Amino acid sequence: MPAARSGAGDGPGEPEQQALFGWQDAAPAEEAAPRRAFRDSPEARRMLDVREVYAEPAALDSPRGQQIMARLPGVRVVEVESHWRIPSLHGNDGNVGRWVRVKTETLVLGVKHSLATRPNGRSADFIAPGTSNGCAMACAYCYVPRRKGFANPITLFTNIEAILAHVQRHVRAQGRKPEPNQCDPDAWVYDFGENGDCSVDDLVCDNTADFIAAFRAMPTAKASFATKFVNPGLLALDPRGRTRVRFSVMPPGDARLLDIRTSPVPERIAAAADFLDAGYEVHFNLSPVVLRPGWERDWAELLDHLDDVLPARVKEQAAAEIIMLTHNEGLHDVNLGWHPRGEDLLWQPDLQETKRSQNGALNVRYEIDVKQRALAHLRQLIAERAPWLRVRYAF
């Protein structure tokens, strides 16, 4: 393992690569045997079977980069100047026809240079600097590819210590949470998975384990991430209540068409009790809500299923977010090249209107009246079918 790189402080002096975990009050979780077994399982290999790596030289030189590459002996490596600018990957429209294959076989390693924690106030109090961007799964509505073009495999950021040191300082600067809000009654909530799926990242990288370990030592804060992949290896990480897992669910028929390469919805729901018993807080994302003929019936059946199978201990602590579909014309065009059937549900100009998102992107969402009626209807279904499911946030 190479020597640590020097650097300390905030802003321009933020360290980019360090020896792994130099602080005293957190340490990376050891890789327990069940976690190793799942990482090496056929199910994990079907999800991510890396054949080529595009990497910034600094990422390859880092301790985390060397750990990742040690798990990928013999894999072809292509050095690139920037993980954002890879013409043969992101700029190659021929990759659209290989959308899923690229996600399965390609990995990108980079260094996250801009470390900023920004306020949110919706799902979480803050959005932390992500430890990854992109995903090995292929949800047809995913917003992350909109900035990349014609391919969206996982990009893993190897300067994990710099990311977590930045967040640790941010948490300490907040002090104790002065009053409850929709994010959490007591803790500041930091979302780590805005642009990826931390459960899938864990198949090849310890970034997820590291932020779970770091938040164990932060009594005033919680980590949070949404997932559509059941990774039993995460059960060994001992979060001690300081990490919230949000299982995304939708009617199984919609998921089979739109949630490509994800765990089946019944498996996500069935995993809730195991994750709670392992020390996680477990919430649900009702996401995305896609409006089409029969959607009310199918969501009612899903809520009935939640009510029927979840044990009381899960219901007592559960809460939900409702997120209506947001789409994008550029993503619509890409999807037509690899999964046009999904666009039959996602692209509905008669129901949708253009709206500029908080990040400046021009997207399409359901018209405001359509959206408000649908949200009211879904809330009513929850009150009738799963009254124990508190809605934290609806958008």
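Reader: Let us start with helix 12: which elements do the buried residues of helix 12 pack against?

Author: Before the answer, please keep in mind that this is a predicted model. The general idea is that an α-helix has 3.6 residues a turn, so residues three or four places apart point the same way. In this structure, the buried residues of helix 12 are Trp295, Asp298, Trp299, Ala300, Leu302, Leu303 and Leu306, and they pack against strand 11 (243-249), helix 10 (265-270), strand 13 (281-289), helix 13 (312-317) and helix 16.

Reader: What is the reach of helix 12 from its first C-alpha to its last, and what is expected at 1.5 Å a residue?

Author: Helix 12 has 15 residues and spans 21 Å between its first and last C-alpha, which is close to the 21 Å expected.

Reader: At what angle do helix 12 and helix 16 pack, and how far apart are their axes?

Author: Two packed helices are described by the angle between their axes and the distance between the axes. Here helix 12 (residues 295-309) and helix 16 (residues 368-385) pack at an angle of about 30 degrees, and their axes lie 10 Å apart; the crossing of helix 12 past helix 16 is right-handed. On the side of helix 12, the contact is made by Trp295, Glu296, Trp299, Ala300, Leu303, Asp304 and Asp307, while helix 16 contributes Ala374, His377, Leu378, Leu381, Ile382 and Arg385. Sorted by class, this contact of helix 12 with helix 16 has eight nonpolar, one polar and four charged residues.

Reader: Which residues does Glu296 touch, leaving aside its neighbours within four places in sequence?

Author: Glu296, which belongs to helix 12, is in contact with His377 and Leu381 once those neighbours are set aside. Glu296 has a relative accessibility of 29% and therefore counts as partly exposed, the class between the cut-offs of 20% and 50%. Ala383, a residue of helix 16, also counts as partly exposed, at 47% relative accessibility.

Reader: How many helices and strands does the chain have?

Author: The chain has 16 helices and 18 strands. Its radius of gyration is 20 Å, close to the 21 Å that the globule rule gives for 395 residues, so the chain is as compact as a globular protein of that length. The C-alpha trace spans about 60 × 50 × 40 Å along its principal axes, and buried residues make up 59% of the 395 residues.

Reader: What share of the contacts between residues at least 6 apart in sequence join residues at least 24 apart?

Author: Among those contacts in the chain, the share is 75%.

Key:
Residues numbered from 1 in each chain as written. Predicted model: local features only at pLDDT ≥ 70, side-chain atom pairs only at ≥ 80, totals over all residues. Heavy atoms only, no water. Axes fitted to C-alpha atoms, helices over the stretch in contact; angles between N-to-C directions. Helix = DSSP H or I, 4+ residues; strand = E, 2+ residues; numbered from the N terminus. Left-handed = near helix turned anticlockwise from the far one by under 90°. Contact = heavy atoms within 4.5 Å. Nonpolar A, V, L, I, M, F, W, Y, C, P; charged D, E, K, R; others polar. Expected span 1.5 Å × (residues − 1). Buried < 20%, exposed > 50% of the residue type's maximum accessible area, 1.4 Å probe, protein only. Rg over C-alpha atoms; globule rule 2.2 N^0.38 Å.
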